[in-house]
Amino acid sequence: MRRDVGTVLAGLGTLLIVMAVVLPTYIVGQVVKFPLSEYETATLTGTGMSYFSATKVAPVTGVDVRATYTIKGDPSAGSSSTAVWNEFSYVYDTTNHQPVQMMTRRFAFDRKTAELVNCCGASVNGNTHIRQSGVVGYVFPMNTQPQTYQVFDTTLNKPVPFTYDGTATVGGIKTYKFVEDVPPTKIGFSPLSSTQPEYYQIHLTYWVDPLTGALLNVNEDQKIFLRDPATGAQTTMLFDGDLQATPASVKQIVKLDSDGRNKLSLLSTVLPIVIGIVGAAALIAGILLARRPREEVALASPEPAADAPAADVGLIPGLDSGQAEQAEKEPEKKPAE
């Protein structure tokens, strides 16, 4: 019974040690993914901004603007490998209390690599013919590397390089900075003019948690304007401003990211250590119990009796002790005369 218990403990200990090795590598890689039912709102604000008001049909300058980005997942459209999220962004003039612009987007992406997938009704402003590719942007790959990533730009409708630009701390978390620099680029024609092309330029900075791939902070300096094709001069400013994520939004996002980091730490560090220690203890205890105690070994190998009588050297060879005693009792016969 003792040996059976030892064998079971040794087997269990071995299994736990294997789990401790596999958990932070294979299992975590299979379990930890971007969620299907994401819901998050981020707010950016800017001051002294300019834009062309469709309501007033005139330029508006020196105003305060608030941009709200809302992400909502569509769990029913996702799968174990692909997440589907919907985005709604709304830019509002808080000085004159009127809308500036808005955008809708539906996108599907790999739940580990953050690479866009062309499926599930993906669209930009309702246009399903736009093929989205590259990295999502709202999230980067888990275990983000300090390198250049191709990230989809919803104005250019194509992926553009986001260059690694060092590290910075956001809310106590070390992040990687990635920068998109788009020089003035023609994007078509505005409803305002069929002869003056519309141009877009942006300097966009993302602060990304390399562990989780979460976007913790954003700074967006953007211009959209019309240009005279003959002279190349800027004619009408459609949008010009520098938007920065509010401290409240950054704090909220950092909190969510910290919760995710804690879960990752539990799965990749704490649990493997605990399971490894328990497994090692069970293995050692099993080996000790499976060994036969010395007492059992001694009983299994009988030794000669320590108090056995010594051989009687006075016995005549060939006679046993009974015969010897009888011989001694018989009187000695005299020889015949």
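## Surface and basis of the model

The accessible surface of the chain comes to about 19600 Å², with areas taken from the Shrake-Rupley method with a 1.4 Å probe and, for residues, only the protein chains shown counting as cover. Carbon and sulfur atoms account for 57% of that surface.

This is a predicted model, in which local features need pLDDT of at least 70 and side-chain atom pairs count only at pLDDT 80 or more, while totals for chains, interfaces and linings use all residues. Residues are numbered from 1 along each chain as its sequence is written, and side-chain values use heavy atoms, with hydrogens and water left out.

## Overall make-up

The chain has 12 strands and 4 helices; both are DSSP runs numbered from the N terminus (helices H or I, at least four residues; strands E, at least two). Of its 337 residues, 37% are buried, where buried means under 20% relative accessible area, exposed over 50% and partly exposed in between (1.4 Å probe, protein chains only).

Contacts are heavy atoms within 4.5 Å. Among those between residues at least 6 apart in sequence, 56% join residues at least 24 apart.

## Cysteines

The disulfide count is 0, a disulfide being a pair of cysteine sulfur atoms within 2.5 Å. Cysteine 119 is partly exposed at 26% relative accessibility, and cysteine 120 is partly exposed at 29%.

## Salt bridges

There are 3 salt bridges, each defined by a side-chain nitrogen of Lys or Arg within 4 Å of a carboxyl oxygen of Asp or Glu. In one of them, aspartate 74 meets arginine 106 with an N to O distance of 3.0 Å. Aspartate 74 sits in the loop between strand S2 (58-73) and strand S3 (82-93) and arginine 106 in strand S4 (residues 98-110), so this pair ties together parts 32 residues apart in sequence. Aspartate 74 is buried at 19% relative accessibility, and arginine 106 is buried at 17%.

Another salt bridge joins aspartate 165 and lysine 177, whose closest N and O atoms are 3.8 Å apart. Aspartate 165 belongs to strand S8 (residues 158-170) and lysine 177 to strand S9 (residues 173-189), 12 residues apart. Aspartate 165 is partly exposed, at 45%. Lysine 255 and aspartate 259 also form a salt bridge, at 3.7 Å between the closest N and O atoms. Both residues lie in helix H2 (residues 247-290), 4 residues apart, or about one turn of the helix. Lysine 255 is exposed at 55%, whereas aspartate 259 is partly exposed at 35%.

## Nonpolar core

A nonpolar core is a set of buried Ala, Val, Leu, Ile, Met, Phe, Trp, Tyr and Cys residues joined through side-chain atoms within 4.5 Å. The largest one has 57 residues, of which Phe109, Phe140 and Tyr206 touch the most other members. In soluble globular proteins, nonpolar side chains tend to be buried together. Leaving aside neighbours within four places in sequence, tyrosine 206 is in contact with residues including Phe140, Phe162, Tyr176, Lys177 and Phe178.

## Aspartate 209

Aspartate 209 lies in the loop between strand S10 (197-208) and strand S11 (215-227) and is buried at 0% relative accessibility. A polar atom of its side chain is 2.9 Å from the backbone nitrogen of leucine 211.

Beyond its neighbours within four places in sequence, aspartate 209 is in contact with residues including Thr144, Lys174, Asp257 and Arg261.

Technical notes: A polar contact is a pair of N or O atoms within 3.5 Å; within protein, one must be able to donate a hydrogen and the other to accept it, and residues adjacent in sequence count only if both atoms are side-chain atoms.
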